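User: I want to learn how to read a structure like this one. Please take me through it feature by feature.

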Amino acid sequence: MKCVGIIGVGAYVPENIVTNFDLAKTVDTNDEWIRSRTGIEERRIASDDMDTTDMAIIAAENALVNAALDASDIDLILVATATPDYAFPSVACLVQEALGMKNVPAMDISVACSGFIYTLVTAKQFIETNTYKNVLVIGSEKFSKIVDWNDRNTCILFGDGAGAVVVSEVSEGKGILSFELGSDGAGAKHLAVCKETNTVTMNGREVYKFAVRQMPESSLNVINKAGLKKEEVDFLIPHQANIRIIDAARQKLGLKKEQVSTTITKHGNTSAASIPLALYSEIQNGRVKDNDIIVMVGFGGGLSWGSVVLRWGK
């Protein structure tokens, strides 16, 4: 069996920063309330003329450079998004055209905040079966266009951005060691887009209860599947939804604060872009090192969840 991992990483966030103080001018909230309950201080919001595809293209180009590959080296494009530009064509097809990847298969995968993990695992299968060699995996979201900016319970949470990785064969012992995907449609109503308004609705209490239970449980499951102990984990890159949920997972895994990515403070919840954005940030900060055992775990609409454990490096 081939060893499959990440050989290149890229990201993009819009220039426009919206702070908690900015939001307090338009809805009944304040900086202390948002920070204490979510950990968010600010988020990036895309301009009206920038959509999900535009951010995905920039992140993808950065990932290709980082992987030292050309667009012609990519055999498949997978985009995780819940906020495509159109119902169809897919964001993936628009990325394919923009990058000049003629005839390369491309598709979107919609699993909301769990999307990047689902897409990463899908890429793994295609490479293991020798169907494709290099797969471009992108998580890109413009959640600002489906947020009700008058709803203080949801508008404080979300931001825009994109992260991309190139997935390929890596050296023996490195790459994805195990994974878990799951869903529970009975909880679908707790996190959804309203048909009438096309805006996000959320039962915060129920989603919180689900996430606090599922994130550490799924993380421990993939650690066990990989034949590892939680003490061997070097770094946790969780979906950036809520600092209290992240802390609950960290404590269950017995990790120190410095072993966990918390980019939520600056990016907010960027849904499917959350994990690759965090991965990119931690690599740039030098906190992810060669041979590190990393757990990446996400949860979101569906309700759904997914996790992987990998040994970092090519």
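Analyst: Start with contact: two residues touch when they have heavy atoms within 4.5 Å. Asp-234 touches Gln-259, Asn-291, Asp-292 and Ile-293, leaving aside residues up to four places away in sequence. This is a predicted model, where local features need pLDDT of at least 70, side-chain atom pairs count only at pLDDT 80 or more, and totals for chains, interfaces and linings use all residues. Residues are numbered from 1 along each chain as its sequence is written, and side-chain values use heavy atoms, with hydrogens and water left out.

User: Where does Asp-234 lie?

Analyst: Helices (H or I, at least four residues) and strands (E, at least two) are DSSP runs, numbered from the N terminus. Asp-234 sits in the loop between helix 6 (204-225) and strand 11 (235-238). Its C-alpha is separated by 15 Å from that of Thr-262, 28 residues apart along the chain.

User: Is Asp-234 buried, partly exposed or exposed?

Analyst: Buried means under 20% relative accessible area, exposed over 50%, partly exposed in between (1.4 Å probe, protein chains only). Asp-234 has a relative accessible area of 32%, so it is partly exposed. Compare a residue of helix 8, His-267. His-267 counts as buried because its relative accessibility is 14%. Its contacts, beyond residues up to four places away in sequence, are Val-13, Glu-42, Arg-43, Arg-44, Gly-159, Leu-277 and Ser-281.

User: How do I read the buried side of a helix?

Analyst: An α-helix has 3.6 residues a turn, so residues three or four places apart point the same way. Now take helix 2 (residues 31-38): Asp-31, Ile-34 and Thr-38 are its buried residues. They fall within an arc of 80 degrees seen down the axis, so they line one face of helix 2. The arc is that of the directions from the helix axis to the C-beta atoms. Their cover includes helix 1 (20-23), strand 3 (42-44), helix 7 (243-253) and helix 8 (264-267).

User: What happens at the ends of helix 2?

Analyst: At the N-terminal end, Asn-30 is the cap, with a side-chain oxygen 3.2 Å from the backbone nitrogen of Glu-32. After helix 2 comes Gly-39, with a positive phi near 90 degrees.

User: Which residues of helix 4 are buried?

Analyst: Val-91, Ala-92, Val-95 and Gln-96 are the buried ones. They cover an arc of only 140 degrees around the axis, which puts them on the same side of helix 4. Helix 3, strand 4 (76-80), strand 5 (106-109) and strand 6 are among the elements that cover them. Just after helix 4, Gly-100 has a positive phi of about 70 degrees.

User: How do I check the length of helix 3?

Analyst: The expected span is 1.5 Å times one less than the number of residues. Helix 3 (residues 52-67) has 16 residues and reaches 22 Å from first C-alpha to last, close to the 22 Å expected. Its buried residues include Met-55, Ile-57 and Leu-64. The buried residues pack against strand 1 (4-12), helix 4 (91-98), strand 6 (135-142) and strand 7 (160-169).

User: What does the radius of gyration say about the chain?

Analyst: It is taken over C-alpha atoms, and the globule rule is 2.2 Å times the number of residues to the power 0.38. A compact globule of 314 residues would be near 20 Å; the chain has 18 Å, which agrees. Buried residues make up 57% of the 314. The chain has nine helices and 13 strands.

Notes
A polar contact is a pair of N or O atoms within 3.5 Å; within protein, one must be able to donate a hydrogen and the other to accept it, and residues adjacent in sequence count only if both atoms are side-chain atoms.
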